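The following exercises are to be worked with the sequence and the structure at hand. Each task is followed by a solution in steps.

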Amino acid sequence: FHLPLQPAQKLYGLSDLHLQDNLHESKLLHFPKQHRPYLGIQIQKEELKEEVRNYPLTGKVVQVEFCYTHIAQNDEEAGRPRNPFLFLAVEEQTGKLMTRYFLKPKETELSILSSFFLSHLRQQGRMRKIVSGNPWIIKALEGVCEEFGIQTELRRTGEIEAFMRKVENRM
């Protein structure tokens with residue numbers, strides 16, 4: 001049978017097979033609403049905020065992502081192998097890799113993202129835009145970027161995807 005669905009409808013299929021009765025029942029249900037809290041980067045000290053506002057605004061567009069690598073490493077602390085989690089930042093215009101950092105098991109994405117953001121501002125000035133395909137990253141940066149006149153954009157990060165393809169091809 002055919003069920004016309006609108007693209008914006010958030011539905012999922014549920015199938016139930018009753019072996020003893022030889023029946024099969026399928027129905028569509030709405031996705032339950034989920035509210036995931038997004039933590040944002042905040043700068044508390046007014047002196048640091050003023051310092052950041054005075055950093056020069058550059059024309060750079062920076063792509064940032066967190067990626068799992070396909071190289072399993074033995075994690076002695078956890079007692080099992082794990083795939084390292086990698087933070088990447090690439091300058092979009094040149095394709096130049098700005099940062100490549102493997103997170104340690106106890107480090108958080110928010111701490112790594114805020115560390116990169118502040119160190120980049122201090123060393124190279126305020127970028128024009130930060131791009132990521134990860135909505136969590138955009139939400140984490142949105143408030144602080146707005147405060148300092150930096151644009152954020154949620155979209156695919158082609159330069160990072162190309163970098164990860166090169167890494168995977170070398171394995």
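**Exercise 1: The nonpolar core**

Of the 27 residues in the largest nonpolar core, Phe66, Phe87, Leu113, Phe117 and Leu141 touch the most other members. Such a core is a set of buried Ala, Val, Leu, Ile, Met, Phe, Trp, Tyr and Cys residues joined through side-chain atoms within 4.5 Å; buried means under 20% relative accessible area, exposed over 50%, and partly exposed in between (1.4 Å probe, protein chains only). The model is predicted: local features need pLDDT of at least 70, side-chain atom pairs count only at pLDDT 80 or more, and totals for chains, interfaces and linings use all residues. Residues are numbered from 1 along each chain as its sequence is written, and side-chain values use heavy atoms, with hydrogens and water left out.

Task: Determine which elements supply at least two residues each of this core.

Solution. Step 1: Helices (H or I, at least four residues) and strands (E, at least two) are DSSP runs, numbered from the N terminus. Step 2: At least two core residues come from each of H1, strand E3 (61-68), strand E6 (85-91), H2 and H3. Step 3: H3 gives the largest share, six residues. Step 4: A second, separate core of six residues includes Cys67, Leu86, Leu88 and Met164.

**Exercise 2: The sides of helix H1**

Task: State which residues of helix H1 (residues 46-53) are buried and which are exposed on the other side.

Solution. Step 1: The buried residues are Leu48, Lys49 and Val52. Step 2: These lie on the same side of H1 because they cover an arc of only 100 degrees around the axis, taken from the directions from the helix axis to the C-beta atoms. Step 3: Glu46 and Glu47, on the other side of H1, are exposed. Step 4: The cover over the buried residues of H1 includes helix H2 (109-124) and H3, where contact means heavy atoms within 4.5 Å.

**Exercise 3: An aromatic pair**

Task: Classify the pair of Phe66 and Trp136.

Solution. Step 1: Rings of Phe, Tyr and Trp (its six-membered ring) pair if their centres lie within 6.5 Å; planes under 30 degrees apart count as stacked, over 60 as edge-to-face and the rest as tilted. Step 2: With 6.3 Å centre to centre and 65 degrees between the planes, Phe66 and Trp136 are edge-to-face. Step 3: Phe66 belongs to strand E3 and Trp136 to helix H3, so the pair ties together parts 70 residues apart in sequence. Step 4: Both Phe66 and Trp136 are buried.
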